[in-house]
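Trainee: I have a new structure open and would like to walk through it with you. Could we start with the overall picture and then go into details?

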Amino acid sequence: DSQHRAAINTYCSLAACVLTSVAISSALHKKGKLDMVHIQNATLAGGVAVGTAAEMMLMPYGALIVGFVCGIISTLGFVYLTPFLESRLHIQDTCGINNLHGIPGIIGGIVGAVTAASASLEVYGKEGLVHSFDFQGFKRDWTARTQGKFQIYGLLVTLAMALMGGIIVGLILRLPFWGQPSDENCFEDAVYWEMPEGNSTVYIPEDPTFKPSGPSVPSVPMVSPLPMASSVPLVP
């Protein structure tokens with residue numbers, strides 16, 4: 001049953017997220033066009049957010065709500081949050097990790113905790129609760145609310161470890177002996193790579209825009225070594 005619920009909830013969340021992301025991407029564009037970054041990234045946010053509660057009794061309508069919310073938040077993050085972080089805080093998220101995995105992951109942690117805390121015997125049954133939340137061993141006396149609280153604690157610990165680890169790694173990378181380029185030159189290849197000097201003089205015949213740099217050579221008309229057919233006398 002848990003695998004069956006996980007497949008249905010994931011599919012419903014992804015379907016709602018795809019439709020919502022496409023609609024929001026088109027609505028935010030001046031000409032109503034779609035942004036490829038939104039289509040490639042924001043459409044997957046629903047699958048990320050539903051991962052924690054996928055095998056729980058989230059129900060299809062709950063999965064649709066999760067996908068709908070994540071489609072809106074992830075697309076808005078690409079449109080507004082990413083440029084703000086880059087221009088104001090100088091934080092570059094070139095792969096959209098924050099909008100695709102970060103924020104939807106936090107939403108998924110909250111959804112999982114709420115879904116676990118609202119579990120009941122009427123919905124799961126006694127064996128279902130034990131199987132879904134592993135109420136065995138030291139967790140034998142746990143309740144659904146206890147499970148939800150510990151999942152919130154796990155989310156907070158994860159965020160604390162992520163923030164501390166990111167700060168430590170960021171401080172290490174800012175040390176001067178690494179030779180980091182400035183923010184304006186982060187995408188300049190010449191900082192780390194040997195680049196050819198001057199413009200390329202390679203002549204590509206297939207492209208008429210490239211011409212050899214030397215003087216043009218006048219064309220010489222082709223002269224046939226054989227006489228023309230009309231100048232040869234006919235032999236009777």
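**A walk through the chain**

Mentor: Among the contacts in the chain with a separation of 6 or more, 68% are between residues 24 or more positions apart. Please keep in mind throughout that this is a predicted model.

Trainee: What does the secondary structure of the chain come to?

Mentor: The chain has eight helices and zero strands, so that, by the DSSP runs used here, the elements read α-α-α-α-α-α-α-α from the N terminus on.

Trainee: And how much of the chain is buried?

Mentor: Buried residues make up 25% of the 236 residues in the chain.

Trainee: What pLDDT does the chain average?

Mentor: The average pLDDT of the chain is 84, and 83% of the residues score at least 70.

Trainee: Where does pLDDT stay under 50?

Mentor: One such stretch is residues 199-205, for which the model has five contacts beyond four places in sequence. Another is residues 207-212, where pLDDT also stays under 50 and the model again has five contacts beyond four places in sequence.

Trainee: Okay, on to the helices. How many residues does H1 have, and how far does it reach?

Mentor: H1 has 27 residues and reaches 38 Å from its first C-alpha to its last, which is close to the 39 Å expected at 1.5 Å a residue.

Trainee: Which residues are buried in H1?

Mentor: The buried residues in H1 are Ser-2, Arg-5, Asn-9, Cys-12, Ser-13, Ala-16, Cys-17, Thr-20, Ser-21 and Ser-25.

Trainee: Take Thr-20 as an example. Why does it count as buried?

Mentor: Thr-20, which lies in helix H1, has a relative accessibility of 8%, and it counts as buried because that value is under 20%. Not counting residues up to four places away in sequence, Thr-20 touches Phe-68, Gly-71 and Ile-72.

Trainee: What about H4, how long is that one and how far does it reach?

Mentor: Helix H4 covers residues 59-88, which is 30 residues, and it reaches 41 Å from its first C-alpha to its last, close to the 44 Å expected at 1.5 Å a residue.

Trainee: Where does H4 bend?

Mentor: H4 bends by about 45° at Gly-77, and Gly-77 is also one of the buried residues of the helix. Others among them are Gly-62, Ala-63, Val-66, Gly-67, Cys-70 and Gly-71.

Trainee: What do the buried residues of H4 pack against?

Mentor: They pack against helix H1 (2-28), helix H2 (36-41), helix H3 (45-49) and helix H5 (97-117). After the helix comes His-90, whose phi is positive, near 55°.

Trainee: Is Leu-64 buried or partly exposed?

Mentor: Leu-64, which lies in helix H4, has a relative accessibility of 39% and therefore counts as partly exposed. Leaving aside its neighbours within four places in sequence, Leu-64 is in contact with Cys-12 and Ala-16. Leu-64 and Cys-12 are 52 residues apart in sequence, but their C-alpha atoms are 5.5 Å apart in space.

Trainee: Switching to records, which residues does UniProt list for "transmembrane region"?

Mentor: The unreviewed UniProt entry lists residues 6-28, 61-81 and 150-173 under that name. In the model, residues 6-28 are 100% helix and 0% strand, with the end C-alpha atoms 32 Å apart, while residues 61-81 are also 100% helix and 0% strand, with the end C-alpha atoms 28 Å apart.

Trainee: Last topic, the rings. How many aromatic pairs does a search of the whole structure find?

Mentor: The search finds five aromatic pairs. In one of them, the rings of Phe-133 and Phe-135 have their centres 5.7 Å apart and their planes at 25°, so the pair is stacked, and both residues are buried.

Trainee: Why is the pair of Trp-142 and Phe-150 stacked?

Mentor: The rings of Trp-142 and Phe-150 have their centres 4.5 Å apart and their planes at 20°, so this pair is stacked as well. Trp-142 counts as partly exposed at 21% relative accessibility, and Phe-150 is partly exposed too, with a relative accessible area of 44%.

Trainee: Which residues do ring pairs link into a cluster?

Mentor: Ring pairs link Phe-138, Trp-142, Phe-150 and Tyr-153 into a cluster.

Methods. Residues are numbered from 1 along each chain as its sequence is written. This is a predicted model: local features need pLDDT of at least 70, side-chain atom pairs count only at pLDDT 80 or more; totals for chains, interfaces and linings use all residues. Side-chain values use heavy atoms; hydrogens and water are left out. pLDDT is the predictor's confidence in each residue, from 0 to 100. Contact means heavy atoms within 4.5 Å. Helices (H or I, at least four residues) and strands (E, at least two) are DSSP runs, numbered from the N terminus. The expected span of a helix is 1.5 Å times one less than its number of residues. The bend at a residue is the angle between axes fitted to the seven residues ending there and the seven starting there. Buried means under 20% relative accessible area, exposed over 50%, partly exposed in between (1.4 Å probe, protein chains only). UniProt positions are given in the numbering used here, feature names are shortened, and annotations may be inferred rather than shown by experiment. Rings of Phe, Tyr and Trp (its six-membered ring) pair if their centres lie within 6.5 Å; planes under 30 degrees apart count as stacked, over 60 as edge-to-face and the rest as tilted.
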